[in-house]
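Thank you all for making time this morning. I would like to walk you slowly through one structure, and I will begin with a term that we will need along the way.

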Amino acid sequence: MRVALVDGYNMAFRAFYGMPSLTRKDGFPTGALHGWVRSLWWIDDHIKADRLIVFFDLGGASRQEALQEDYKANRGETPPELIQQIPWIKEWTRAMGYLGIEKEGVEADDLIAAYAEYLGKRGDEVIVVSADKDLAQLVNTKVSQLLPPPTANPRLGWRKLDEAGVLDKFGIGPAQIPDYLALIGDTSDNIPGLKGVGPKTAVKWLQQYRNVAGVIEFCGELNPKRFQSLVHAEQDCLRRNLEMTMLDPDHTISDEVVMGDRPQANGARVVELLLEMEMTRSAEMGKKRFSL
């Protein structure tokens with residue numbers, strides 16, 4: 001079975017920022033929904049997954065916040081225009097028969113990790129749809145990552161990363177992604193890296209010492225030498241960073257989601273929602289899609 005696991009908020013934010021400021025006649029924003037419909041239909045048509053599961057964050061990240069109180073504190077507020085569209089995005093997604101997974105206090109990334117691990121071990125082909133580099137750590141012989149077109153350069157199109165693709169993109173293998181992020185930091189999650197350490201230095205160290213534990217153990221050998229004392233002094237911070245950047249797959253899997261039949265789409269409701277949002281072109285595409 002082929003299963004697509006979609007990082008909902010990552011894709012919703014990309015849809016929002018990748019589209020112009022579109023609205024209904026009454027001023028209600030619709031740009032993100034336009035981008036969302038276009039993206040999800042592209043994924044469905046081109047990946048041809050037997051099951052398409054969308055993961056959303058409900059709020060809170062208990063595991064990460066227990067390690068770092070200011071986790072993601074540097075993020076700005078979600079644009080109100082996007083917040084307004086999220087309920088519509090979710091309802092349209094359900095109408096399309098795409099399963100939705102969300103859990104209070106658990107980040108979508110961890111839930112995606114749980115399902116990717118379970119399905120991959122079961123022998124299914126898993127495709128994780130997200131631009132989030134954290135999720136590259138999930139890639140293996142059964143799991144790949146599908147990157148959406150960059151908003152800054154959409155002509156690059158959709159790109160699929162297998163194990164060789166991760167190595168080519170980052171210079172390290174999937175299993176080393178958490179160590180890489182622990183060293184350079186992750187500004188999107190407010191995870192501080194080691195001051196002065198960029199991607200090139202991190203990759204060089206990981207190629208030589210394999211992981212953060214090895215970098216700490218052999219910190220007296222590091223080059224440039226100015227980092228030797230810094231790594232020794234910041235080793236606890238690096239270990240905490242690694243706990244933050246490693247995804248946690250220890251979550252309950254829904255038997256209904258992984259064993260049940262793919263829910264039937266409600267084509268009439270799909271078209272109705274699009275017409276309510278005055279997305280007439282998409283509504284016409286929906287009618288053709290469902291032969292209405």
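Before anything else, let me say what I mean by an aromatic pair: rings of Phe, Tyr and Trp, the last taken by its six-membered ring, pair if their centres lie within 6.5 Å, and planes over 60 degrees apart count as edge-to-face. Please also keep in mind that what you see is a predicted model. By this rule the count comes to twelve aromatic pairs. One of them is formed by tryptophan 205 and phenylalanine 227, which are edge-to-face, at 5.4 Å centre to centre and with 80° between the planes. This pair links distant parts of the chain, since tryptophan 205 belongs to helix α8, residues 199-209, while phenylalanine 227 belongs to helix α10, residues 226-233, and the two are 22 residues apart.

Let me stay with α8 for a moment and turn to its packing. Helix α7, which covers residues 177-184, packs with α8 at an angle of about 135°, their axes being 9 Å apart, and that makes α7 oblique to α8. The crossing of these two helices, α7 and α8, is right-handed. On the α7 side the contact is made by Asp179, Tyr180, Leu183 and Ile184, and on the α8 side by Pro199, Ala202, Val203, Trp205 and Leu206, so that Trp205, the tryptophan of our aromatic pair, takes part here as well. Sorted by kind, the residues of the contact of α7 with α8 are eight nonpolar, no polar and one charged.

Now to the sheet. In what order do the strands of the open sheet run? There are six of them, in the order β3-β2-β1-β4-β5-β6, and the pairing is mixed. Strands β3 (99-101) and β6 (159-161) stand at the edges, each with a single partner strand, and therefore one side of each is left without a neighbour in the sheet. From one strand to the next, the twist averages 25°. Helix α5, residues 108-122, lies across β1 (2-7), β2 (51-55), β3, β4 (125-129) and β5, and runs at about 170° to β1.

Finally, I would like to look at helix α1, residues 8-18, with two of its helix contacts. With helix α4, residues 80-95, α1 packs at an angle of about 125°, the axes lying 11 Å apart, and α1 and α4 are therefore oblique to each other. Their crossing, that of α1 and α4, is right-handed. Tyr9, Ala12, Phe13 and Phe16 of α1 make this contact with Glu81, Leu82, Gln85, Ile86, Ile89 and Lys90 of α4, and the residues involved in the contact of α1 with α4 divide into seven nonpolar, one polar and two charged.

With helix α2, residues 31-47, the axis of α1 comes within 7 Å, and the two cross at roughly 120°, which makes α1 oblique to α2. The crossing of α1 and α2 is right-handed. Here Gly8, Met11, Ala12, Ala15 and Phe16 in α1 meet Gly31, Ala32, Gly35, Trp36, Ser39 and Ile43 in α2, and the contact of α1 with α2 divides into seven nonpolar, four polar and no charged residues.

Key
Residues numbered from 1 in each chain as written. Predicted model: local features only at pLDDT ≥ 70, side-chain atom pairs only at ≥ 80, totals over all residues. Heavy atoms only, no water. Pairing = 2+ DSSP bridges. Helix = DSSP H or I, 4+ residues; strand = E, 2+ residues; numbered from the N terminus. Axes fitted to C-alpha atoms, helices over the stretch in contact; angles between N-to-C directions. Contact = heavy atoms within 4.5 Å. Parallel < 35°, antiparallel > 145°, perpendicular 65-115°, else oblique. Left-handed = near helix turned anticlockwise from the far one by under 90°. Nonpolar A, V, L, I, M, F, W, Y, C, P; charged D, E, K, R; others polar. Phe/Tyr/Trp six-rings, centres within 6.5 Å; stacked < 30°, edge-to-face > 60°.
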